[in-house]
Amino acid sequence: MKRWTIIIALFAIVLSGCATKSSCPKKTAFGNLSNGFNSENDEYSPYFYENSFYYTVSNKEKKLSEKVYKSEFIDGRFTRPQIDSSLTFLSLLNSAMPVFAINPKSGNLETVFAAVTKNGDLNRNVFHSEKINGKWTDPKPIKEINTHSFESHPAISPDGKVLVFSSDRDGGKGAVDLYVSIRNYDGTWTAPRNLSEINTEANEITPFIAEDGSLFFASQGYSKGRDYDIIKASPNGSGRWSNPKLLPMPINSEADETSPAIFKDKIFVSSNRVGGCGGKDIYAFNLCGPVSLECLIVSTFPNFPLAGIVNLYDETDEVVATRKVGEGGIFSFGLVPNSNYKIEYINDCRPEFTEIKDFYAPCSDSSVVVIKTMFEFSPQNEFDLVEVKVPFFVSGYYMPNTRENLEALRLKFAYNLIGIDESTRYIEKPGEEYDLFSKEVENALDQAAASLYNVVAGLSDECLERKESKIQITITGYADPRSISPKAVFADADIDDERFSLQVARGTTMDNLLLSKLRAYYTAKYFESFIKTRDKAGSISDKLIWKIDGKGVDA
């Protein structure tokens, strides 16, 4: 596969706030973030969490001088960085290089960082703290990870379950190696494992775990010059990586590059290359090839017009792009890698029905990514009469319990037309209790019928511009959960209704499947009659195709 060549970094950070005196040359090296972020001091360990950009600054002339700076992204601009005093824990020295995740056990925001302990040996260890009621708790060392050796550069996975750090403890492959620990269900961490599959005899430091699980880190063991370079390894199961590879220029150079961090389609690194503001500076480069989304909209209803609009929402639920969709139902968007999106489709004919899909735009540093998907649109109303908790049918009968139908059924019993033998005893003789609900049954049926009418009446001529365009209405019926005698028969007049595709002869054997279909049929006839009384011109009734379906006993 052809490598996606990184040619130019289209990245700029616009600062809001008062300007500061320039400490950078007029023209810095390609990718340098320049004034506002970089200075004559060392800047490193960039990290992004939600809308905040963190990095660490160390005064080269002073020992134990590390401070964490923070810049927030507000209204399209990064605020001028300020020291984040909330992360300067008084009990520790040089509390720096913070990373963040939601603690999967407590649900609180957690920070993991490196700091120097005041125990006389000025050893660096890894600590954690949780934010509760807006305040960080007193930091505690992660006892399963720390030793009397050097532990630093913590990296935590986005789900808060995997921790990678660097250490010079005994038993490694090089002076400083990367180690991994997995968080247990109870919140503790497993004993660290040396990442021997990617460590070298040289130093590996400053890991970063990307959203897709890839591990980025700095190493002196993958290039001839023994300078630090940025390496990417592919995820290979929880806490395991493989296929480490050296990232190309301009991400790497002949100088040192450390502290990789990914934000959208960019990679941020700290480098002491020529052309900076002094010491280590933060740089940003393109990492990912283009990502596009190609989508086909289909309808669950045959020949339904697909024209409409599609809105693309970013992670903040802001509309970032809009497309008009024609009858072909095809649209595409260019996406920013390492970003989450929502796609909203609004059909011109049925704007009250919108379909929304979530998408993630992945990052590939070696190819163009094309996401192909299908968007299924269901332009149909559903009205469930079961939700109305009243008896819609007399047990064993097939006509809805309207006042007119109840009166007619009682007359059949009175004249011994039904109920005298096994052929029709499956039908219950209706008592007065059914009269209490008949008005509610009629109201529910009228509401469903009115809903059907309004849907069809609301369609414009453009939406039904084809003369053969029809709207299908499906009515589904169910029978009572009881058995019917094998001698039972249909005792009404023959039904030969071409419009509803139903033919039933008098004397046909009655079972629950036929009973459920008859209930659908007589309910559909009620709806049809209701719509015809409103549709004086007949223009709406002509657009309807009726389909009835019996499902037997309601499970």
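In this predicted model, the buried residues of helix H1 pack against helix H2. Those residues are Asn405, Leu406, Leu409, Lys412 and Phe413. Seen down the axis of H1, they fall within an arc of 120°, so they line one face of the helix. The other side of H1 carries Glu404, Glu407 and Ala414, which are exposed. H1 has twelve residues, and the distance from its first C-alpha to its last is 17 Å, close to the 16 Å expected at 1.5 Å a residue. Just after H1, Asn416 takes a positive phi of about 55°.

**The loop from H1 to H2**

Ser423 is found in the loop between H1 (403–414) and H2 (435–457). Its side chain makes a polar contact with the side chain of Asp421, at 2.3 Å. Apart from neighbours within four places in sequence, Ser423 is in contact with Lys487, Ala488 and Val489.

The buried residues of H2 include Ser438, Val441, Glu442, Ala444 and Leu445. Further along H2, Ala448, Ala449, Ala450, Leu452, Tyr453, Val455 and Val456 are also buried. H2 has 23 residues and reaches 33 Å from its first C-alpha to its last, close to the 33 Å expected at 1.5 Å a residue.

For H3, the 23 residues should span 33 Å at 1.5 Å a residue, and the end C-alpha atoms are 34 Å apart, which agrees. Asp511 caps the N-terminal end of H3, with a side-chain oxygen 3.3 Å from the backbone nitrogen of Leu513.

**The chain as a whole**

The secondary structure of the chain comes to three helices and 33 strands. Of the 555 residues, 50% count as buried. Among contacts between residues at least 6 apart in sequence, 55% join residues at least 24 apart.

**Aromatic rings**

A search of the whole structure finds 29 aromatic pairs. Two of them are set out here.

| Ring pair | Distance between ring centres | Angle between planes | Class |
|---|---|---|---|
| Tyr47 and Phe100 | 6.1 Å | 40° | tilted |
| Tyr397 and Tyr398 | 4.6 Å | 35° | tilted |

Tyr47 lies in strand S2 (residues 42–49) and Phe100 in strand S7 (residues 93–102), so this pair ties together parts that are 53 residues apart in sequence. Tyr47 is buried, with a relative accessible area of 8%, and Phe100 is buried as well, at 3%. In the other tabulated pair, both Tyr397 and Tyr398 are buried.

Ring pairs also link a set of residues into a cluster, made up of Phe37, Phe48, Phe53, Tyr55, Tyr69, Phe73, Phe78, Phe263 and Phe268.

Rings also take part in arrangements with charged side chains. The charged end of Arg169 sits over the ring of Tyr179, 5.0 Å from the ring centre. Arg273 lies over the face of Tyr283, also at 5.0 Å from the ring centre.

Asp177 lies in strand S14 (residues 177–182). Is this residue buried or exposed? Asp177 has a relative accessible area of 0% and is buried. A polar atom of its side chain lies 3.2 Å from the backbone nitrogen of Gly174.

Leaving aside neighbours within four places in sequence, Asp177 is in contact with Phe165, Ser166, Ser167 and Gly172, among others. Asp177 and Glu201 are 24 residues apart in sequence, and their C-alpha atoms are 8.6 Å apart in space.

Key:
Residues are numbered from 1 along each chain as its sequence is written. This is a predicted model: local features need pLDDT of at least 70, side-chain atom pairs count only at pLDDT 80 or more; totals for chains, interfaces and linings use all residues. Side-chain values use heavy atoms; hydrogens and water are left out. Helices (H or I, at least four residues) and strands (E, at least two) are DSSP runs, numbered from the N terminus. A polar contact is a pair of N or O atoms within 3.5 Å; within protein, one must be able to donate a hydrogen and the other to accept it, and residues adjacent in sequence count only if both atoms are side-chain atoms. Contact means heavy atoms within 4.5 Å. The expected span of a helix is 1.5 Å times one less than its number of residues. Buried means under 20% relative accessible area, exposed over 50%, partly exposed in between (1.4 Å probe, protein chains only). The arc is that of the directions from the helix axis to the C-beta atoms. Rings of Phe, Tyr and Trp (its six-membered ring) pair if their centres lie within 6.5 Å; planes under 30 degrees apart count as stacked, over 60 as edge-to-face and the rest as tilted. A charge sits over a ring if NZ of Lys or CZ of Arg is within 6 Å of the ring centre and within 35 degrees of the ring normal.
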